[in-house]
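Dear colleague,

I am handing over the structure we spoke about, with the sequence alongside. Please open it first, and then read the notes that follow.

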Amino acid sequence: MTNIILFGPPGAGKGTQANFLKEKYNLVHISTGDVFRYNIKNETELGDLAKSFMSKGKLVPDEITIDMLSNEVDKNCGSNGFIFDGFPRTEAQADALGHLMDDKDSQINAMVALEVDDEVLVQRLLERGKTSGRADDADESIIRNRIKVYYNETAILKDYYDKRGMYYGVNGEGSIEEITERLSKVIDTL
Ligand code: AMP
């Protein structure tokens, strides 16, 4: 199995790139944000739990998120591997993901990070907010809060994977094709 964490702040282009990479490498794409949004739309219990955190741009608590991720992985057992998009976002989530992979006799191969300037992120998210229908993309203060949460709670995972020799940073600015090319170069070496 090839298991990749696609990493980066909100608006870095993880979802867009995951859509290309999943086809190219025959991987299952799990976006925790998409799963939460699906559950909110369908008014499930999980959606209800996640909603109040997401609307403020805060992280959904680890226990809820880890349980959900574990279910998503189980639904796709037998696949060629995964692209994790938006997960892990905390050290507890990274530890849990490691254990989950161990249980499947597998491992995370790499964290590949899209590096993008903050002001570019804000502009991209405001632009996306015009068509995405996402309330958390429509309001600049919520966008800035999500970026702040990323630096305060999530960015430490760069060190976490770097220490294990698994971190690969990629320039996330440029055309979609150029960025896919840069990501592919890393993935092809794994
Ligand atoms: P995203 O689609 O990745 O931008 O995520 C949108 C929102 O979903 C985030 O702002 C969080 O509220 C929530 N979320 C997604 N993934 C996670 C995660 N791994 N841990 C906690 N909250 C998450």
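Which residues line the largest cavity? Before the answer, please keep in mind that this is a predicted model. The lining is made up of Leu6, Phe7, Gly8, Pro9, Pro10, Lys14, Gly86, Phe87, Pro88, Arg89, Tyr150 and Thr154, and the elements that contribute two or more residues to it are strand 1 (2-7) and helix 8 (140-154). Sorted by class, that lining holds 7 nonpolar, 3 polar and 2 charged residues. The volume of this cavity comes to about 70 Å³, and the count of cavities of 30 Å³ or more is 1.

The other finding concerns the salt bridges, of which 12 were counted. Among them is a network that links Arg128, Arg134, Asp136, Asp137 and Arg146, and within it aspartate 137 pairs with several arginines, as the following distances between N and O atoms show. Arginine 128 meets aspartate 137 at 2.8 Å, arginine 146 has its closest approach to that aspartate at 3.0 Å, and for arginine 134 the corresponding separation is 3.8 Å.

As to burial, aspartate 137 has a relative accessibility of 0% and therefore counts as buried. Arginine 134 is buried as well, and arginine 146 is likewise buried, whereas arginine 128, with a relative accessible area of 32%, is partly exposed.

With best wishes

Definitions and conventions. Residues numbered from 1 in each chain as written. Predicted model: local features only at pLDDT ≥ 70, side-chain atom pairs only at ≥ 80, totals over all residues. Heavy atoms only, no water. 1 Å grid on protein atoms, 1.4 Å probe; cavity = no way out; pocket = protein on both sides within 12 Å on 5 of 7 lines; lining within 4 Å. Points joined across faces, edges and corners; volume = space filled by probe spheres on them. Helix = DSSP H or I, 4+ residues; strand = E, 2+ residues; numbered from the N terminus. Nonpolar A, V, L, I, M, F, W, Y, C, P; charged D, E, K, R; others polar. Salt bridge = Lys/Arg side-chain N within 4 Å of Asp/Glu carboxyl O. Buried < 20%, exposed > 50% of the residue type's maximum accessible area, 1.4 Å probe, protein only.
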